[in-house]
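Please keep the sequence and the structure in view while reading.

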Amino acid sequence: MGNNSGDQVILATGGYDHSIKFWQAHSGVCTRTVTHPESQVNALNITPDSQLLAAAGYQHIRMYEINSSNPNPIVNYEGISRNVTAVGFHEDGHWMYTGGEDCSARVWDLRTRNLQCSRIFQVTAPVNCVCLHPNQGELLVGDQSGVIHIWDLRTDHNEQLIPEQDASIQDISIDSSANFMAAINNKGNCYVWSLTPGTKLPDGEEGSTPTQLRPKSRLLAHKRYGLKCKFSPDAKYLATTSADQTAKLWKTSDFTLHSTLQTENQRWVWDIAFSADSQYAITASSDNTARLWSIETSEIAKEYIGHQKAVTSLAFQDGTP
């Protein structure tokens, strides 16, 4: 897990016990617990400079210092109704994006002292997930009515994609090279598209055309609710997680099943992240536990035990690949 000098390994977990825990990833020791009152933790993400952890909860996003013993958030974004379900960052850390049950995706400018969001993208159903395209210019927004919205931040245009009728989009992922996009739904089906970059318009015309998607594969990934899908940093694997108590790894070369990560009593697997070298995966599940898995052997390398209730979100960073 990339322990080069200067590379900081950060593992944080959150869930229904209203706490966020920081862990030593290699030892499994919990180094710090931060209370997250009034709300469960719906999503976690680390700022690009590795200084702050953003926690999305009910009606707010809170930022906690990572290298500090300060138990309180140093920034608190409020004024949102209902649950915030997704949080992430522009690669330069200039802005943050969120999605939530208030049927919107939002962009927040992090360079100003103003804690108001700077842009709102309104849809007609609660938003479950938001994914930033590696080109940093398009947000993919998945909602409970089954629509994937492709919001072009440069032109403010948007397009819609409905992979399956009457199925809620639970998560969206694009691999680092922007070759593939995946979306998993509440029926356990995972759809994969090949991506073609958008083209710049002729001189004199503003903007560009959006990314083009071509259907590539439909994986009947799980028999129960799908929860998350994530590409590994080397783009060799697509991980899916589910209410069926498993995470599965699919080879992106042909989208066949590589392995199933499962253990007794794991219950729902809510979240998953990869190590920078794509050798390990970390899962968060309803049995109050996070686990580190070897992708080569599909075996558990470490367990992170300490939460009192379901672990529904995690953030992991172990240096740049």
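The largest nonpolar core holds 15 residues, and those with the most contacts inside it are Val 130, Leu 139, Val 141 and Trp 151. Two or more residues of this core come from each of strand S9 (95–100), strand S10 (104–109), strand S12 (127–132) and strand S13 (138–143), and the largest share, 3 residues, is given by S12. It should be kept in mind throughout that the model is predicted.

One of the core residues can be followed in more detail. Which residues does Leu 139 contact, leaving aside its neighbours within four places in sequence? The list runs through Tyr 97, Val 107, Val 130, Cys 131, Leu 132, His 149, Ile 150, Trp 151 and Leu 153; Val 130 and Trp 151 in this list are also named with Leu 139 among the residues with the most contacts inside the core.

As a general point, the strands of a sheet pair through backbone hydrogen bonds, either parallel or antiparallel.

A further open sheet is made of 4 strands in the order S4-S5-S6-S7, and its pairing is antiparallel. Its edges are formed by S4 and S7, which have a single partner strand each, so one side of each is left without a neighbour in the sheet. Here the neighbouring strands are turned by 20° against each other on average, direction ignored. Strand S5 (residues 52–56) and S6 run antiparallel and are joined by 5 bridges, and Ala 55 stands opposite Arg 62 in S6.

**Salt bridges**

Side chains of opposite charge can pair when their charged atoms come close. In this model the count comes to 10 salt bridges, and the table gives a few of them.

| Salt bridge | Closest N and O atoms |
|---|---|
| Glu 38 with Arg 62 | 2.8 Å |
| Asp 109 with Arg 111 | 3.5 Å |
| Glu 138 with Arg 154 | 3.9 Å |

Glu 38 forms a salt bridge with Arg 62. Glu 38 lies in the loop between strand S3 (30–35) and strand S4 (43–46), while Arg 62 is in strand S6 (residues 61–65), so the pair ties together parts that are 24 residues apart in sequence. Are these two partners buried or exposed? Glu 38 counts as exposed because its relative accessibility is 60%, whereas Arg 62 counts as buried because its relative accessible area is 6%.

In the bridge between Asp 109 and Arg 111, Asp 109 counts as partly exposed at 23% relative accessibility, while Arg 111, at 58%, counts as exposed.

The bridge from Glu 138 to Arg 154 has its closest N and O atoms 3.9 Å apart. Glu 138 belongs to strand S13 and Arg 154 to the loop between S14 and S15, so this pair ties together parts that are 16 residues apart in sequence. Glu 138 is buried, with a relative accessible area of 1%, and Arg 154 is partly exposed at 44% relative accessibility. Together with Asp 152, these two residues are linked in a network of salt bridges.

**Two loop residues with positive phi**

Where in the chain is Arg 82 placed? Arg 82 sits in the loop between strand S7 (75–77) and strand S8 (84–89), and its phi is near 70°, a positive value in a residue other than glycine. Its relative accessible area of 41% makes Arg 82 partly exposed.

Gln 245 also has a positive phi, near 75°, and is likewise a residue other than glycine. Gln 245 is found in the loop between strand S21 (237–242) and strand S22 (247–251), and at 34% relative accessibility Gln 245 counts as partly exposed.

Terms used:
Residues numbered from 1 in each chain as written. Predicted model: local features only at pLDDT ≥ 70, side-chain atom pairs only at ≥ 80, totals over all residues. Heavy atoms only, no water. Core = buried A, V, L, I, M, F, W, Y, C linked by side-chain atoms within 4.5 Å. Buried < 20%, exposed > 50% of the residue type's maximum accessible area, 1.4 Å probe, protein only. Contact = heavy atoms within 4.5 Å. Salt bridge = Lys/Arg side-chain N within 4 Å of Asp/Glu carboxyl O. Pairing = 2+ DSSP bridges. Axes fitted to C-alpha atoms, helices over the stretch in contact; angles between N-to-C directions.
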